[in-house]
Amino acid sequence: MNKETNVVGFSMGSLGNNLISGVVGTYLLTFYTEVYGIPAFAAGVIMLLAKIWDAVNDPMIGMLADRRKPGKNGKYRPMLRIFGPLFALFAVLSFCSPELPIAGRIVWACVTYIGYGMLFTCFDVPFWACVNRLNVNTEKRNTAIGMARSMIMWAMLISSMFFTQIAGVLGNGNDRMGYPLALLAFAVPGVILMLICYRSARETVVEEPQADHISMIQMFKNLFKVLTPQLGFTYIVAMLAGLCVTLGPTVGVYFMLYYMGDVSKISLYMFCCIGSVAIASLFGASIQKRISEKKLLILCCAISAVANIGIWFVGNQGMVITLVLVFISGLGCGIANVPMISLVLKMANRAAKKNNTRADASVMSLNSLATKIGQALASFFPSLILTATGYVANAEQTDSALRGILITRSVLPAVLLAIAVVIVAAIRVRED
């Protein structure tokens, strides 16, 4: 295939994918407990089981993708056409609420949500593995990475702002009808965008062993050949970055409602958190032309860490300054998205050349897993700190609880980003 990839069209896969997953990640727990009547504890167990299964199936799906024999449409590209619509279907099913006893509802939720998660991985892993094989030069590949990462945040922003309004209109006050219809309203354009991604992508031909003759045991051996300690450290940084990007929106309501005392500014705060990351990702590739991945990653993490420390010192004494610092923190994390993926791909490529082994999908599945772990911890750490400092829902907070909210929004991400700086500085990267 000599035709060059349309990087704009390819990045639409990320927009379509995350229009759907953004809704599921933000509103599914609310749907389970408030609309479908599943007990909160049971809903939490469902989410936990899904994350545990994610930890198992991400690398497995990556290895299965690596075992595929390249065809006329490429190696990973055909998976985008197959699993995009299937993952969207299970997302809609996850928001359906058949009349069942409680036990039946729990089983329905388990099957649909875990199925959704697996099919999401079946699209997301080959999508990012395909980046390493796009028929474009390095500059355009970095542009594709930046655009795709930016689309994630724009999709999250759109879904978080408009889903409940659409559900209210389509359901006419009936959430059991409105939620699945609203998700369908996101899923239809999402599938169209994922199919545009499939049509736009073109893979280069890469010489590799006949993957269909390689056993799973050999695939594990190949993966471990590519997994250098330096790549492992990069995964840790990806986990920390995913944690910090998710932490801001996760604690946003607590921070604005209780600590800042102005619930009317929550939408503006969310834009500063998520919109800044999306805007920054657009410029990541351009900035990376002038500075190496490692240096840019250190600089971005350091800027974001300093901005978060600034939030601690400003506190609730200046709304405008605090929001500006939140925006700067998001810019740092957003620009860091591009060198993060580039660094993973660069080290994986060098290890592959050295060992004459490729495992692109497996490598990216582990990067996806690291990000997912970070996102899960973004819910765990705040709940731990808020509980320890005496937070009480829907009540006037004590000074200790307010301090805990501020620590969660400022000191915690600053410390995590400082750790990321130290780790990246220790990673050895041979510059081309």
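Start by selecting aspartate 262, which counts as partly exposed because its relative accessibility is 21%, and partly exposed begins where buried, under 20%, ends. Keep in mind as you click around that this is a predicted model.

**Stop one: a pair of charges**

**Stop two: a linked trio**

Begin with glutamate 99, which is exposed, with a relative accessible area of 62%. One partner is arginine 105, and the closest N and O atoms of this pair are 3.6 Å apart. Is arginine 105 buried or exposed? With 14% relative accessibility, arginine 105 counts as buried.

The other partner to click is arginine 176, whose side chain meets glutamate 99 at 3.1 Å, N to O. Arginine 176 lies in helix α6, while glutamate 99 sits in the loop between α3 (77–94) and α4 (102–131), so this pair ties together parts that are 77 residues apart in sequence. Arginine 176 itself is partly exposed, at 25% relative accessible area.

**Stop three: a nonpolar patch**

Select Val169, Leu170, Met177, Leu181, Leu184, Val188, Ile192 and Ile196: together they form a nonpolar patch with about 680 Å² of accessible area. Which helix gives the most to the patch? It is α6, with six residues. Both α5 (138–171) and α6 (175–200) supply at least two residues each.

Valine 169 is exposed, at 65% relative accessible area, whereas isoleucine 192 is partly exposed, at 49%.

From isoleucine 192, look for methionine 12. The two are 180 residues apart along the chain, yet their C-alpha atoms are separated by 9.1 Å.

Finally, show helix α1 (residues 7–35) along with α6. Their axes come within 7 Å and cross at roughly 160°. The two helices are therefore roughly antiparallel to each other, and their crossing is left-handed.

Definitions and conventions:
Residues numbered from 1 in each chain as written. Predicted model: local features only at pLDDT ≥ 70, side-chain atom pairs only at ≥ 80, totals over all residues. Heavy atoms only, no water. Patch = residues over 30% accessible without salt bridge, like charges linked within 9 Å, V, L, I, M, F, W, Y side chains within 5 Å. Areas by Shrake-Rupley, 256 points an atom, 1.4 Å probe, with all protein chains shown as cover. Salt bridge = Lys/Arg side-chain N within 4 Å of Asp/Glu carboxyl O. Helix = DSSP H or I, 4+ residues; strand = E, 2+ residues; numbered from the N terminus. Buried < 20%, exposed > 50% of the residue type's maximum accessible area, 1.4 Å probe, protein only. Axes fitted to C-alpha atoms, helices over the stretch in contact; angles between N-to-C directions. Parallel < 35°, antiparallel > 145°, perpendicular 65-115°, else oblique. Left-handed = near helix turned anticlockwise from the far one by under 90°.
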